[in-house]
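Please examine the sequence and the three-dimensional view below. The paragraphs that follow begin with individual residues and then turn to the chain as a whole.

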Amino acid sequence: QVQLVESGGGLVQPGESLRLSCAASGSIFNLNVAWYRQAPGKQRELVAVITSGGSTNYADSVKGRFTISRDSAKNTVYLQMNSLKPEDTAVYYCNARQLLPYETSWGQGTRVTVSS
């Protein structure tokens, strides 16, 4: 089971940018990695996914503003968040999955607060 550590969260003002990092304990080769977020009183939602093949998908609410990327040499996945809005405020979690056999790992989360 891969270990994940998120970092990069913090307090920013609306319109500013932030980059989150998800560092894995081992190779992320053959893993699909996703960012989720959970705001107080709301369900956890999928924000972005990058597959082992490099394809990406985004929630409509962040499309055009967020970019997920991978640095395989560093075993790290990033989430670049631009034009942040107050509704982006949440704890952001990194998730890694593999199939055959199925395995999933979660980080402990990093808090993002967007407020003036």
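**From single residues to the whole chain**

Thr76 has a relative accessible area of 8%, and it therefore counts as buried, since the limit for that class is under 20%. The model in which this value was computed is a predicted one. Thr76 lies in strand β8, which covers residues 76–81. Leaving aside residues up to four places away in sequence, Thr76 touches Ser21, Cys22, Ala23, Ile28, Ser69, Arg70 and Asp71.

Leu100 is located in the loop between β9 (90–98) and β10 (103–106). Together with Leu99 and Tyr102, Leu100 makes a nonpolar surface patch of about 440 Å².

The view may now be widened to the chain. The chain contains 11 strands and 0 helices. Of its 116 residues, 41% count as buried. Among contacts with a separation of 6 or more, 53% join residues 24 or more positions apart. The accessible surface comes to about 6,400 Å², and carbon and sulfur atoms contribute 47% of it.

As for overall dimensions, the C-alpha atoms fill a box of roughly 45 × 25 × 25 Å along the principal axes. A compact globule with 116 residues would have a radius of gyration near 13 Å, and the chain, at 13 Å, agrees with this expectation.

How values were computed:
Residues numbered from 1 in each chain as written. Predicted model: local features only at pLDDT ≥ 70, side-chain atom pairs only at ≥ 80, totals over all residues. Heavy atoms only, no water. Helix = DSSP H or I, 4+ residues; strand = E, 2+ residues; numbered from the N terminus. Buried < 20%, exposed > 50% of the residue type's maximum accessible area, 1.4 Å probe, protein only. Contact = heavy atoms within 4.5 Å. Patch = residues over 30% accessible without salt bridge, like charges linked within 9 Å, V, L, I, M, F, W, Y side chains within 5 Å. Areas by Shrake-Rupley, 256 points an atom, 1.4 Å probe, with all protein chains shown as cover. Salt bridge = Lys/Arg side-chain N within 4 Å of Asp/Glu carboxyl O. Rg over C-alpha atoms; globule rule 2.2 N^0.38 Å.
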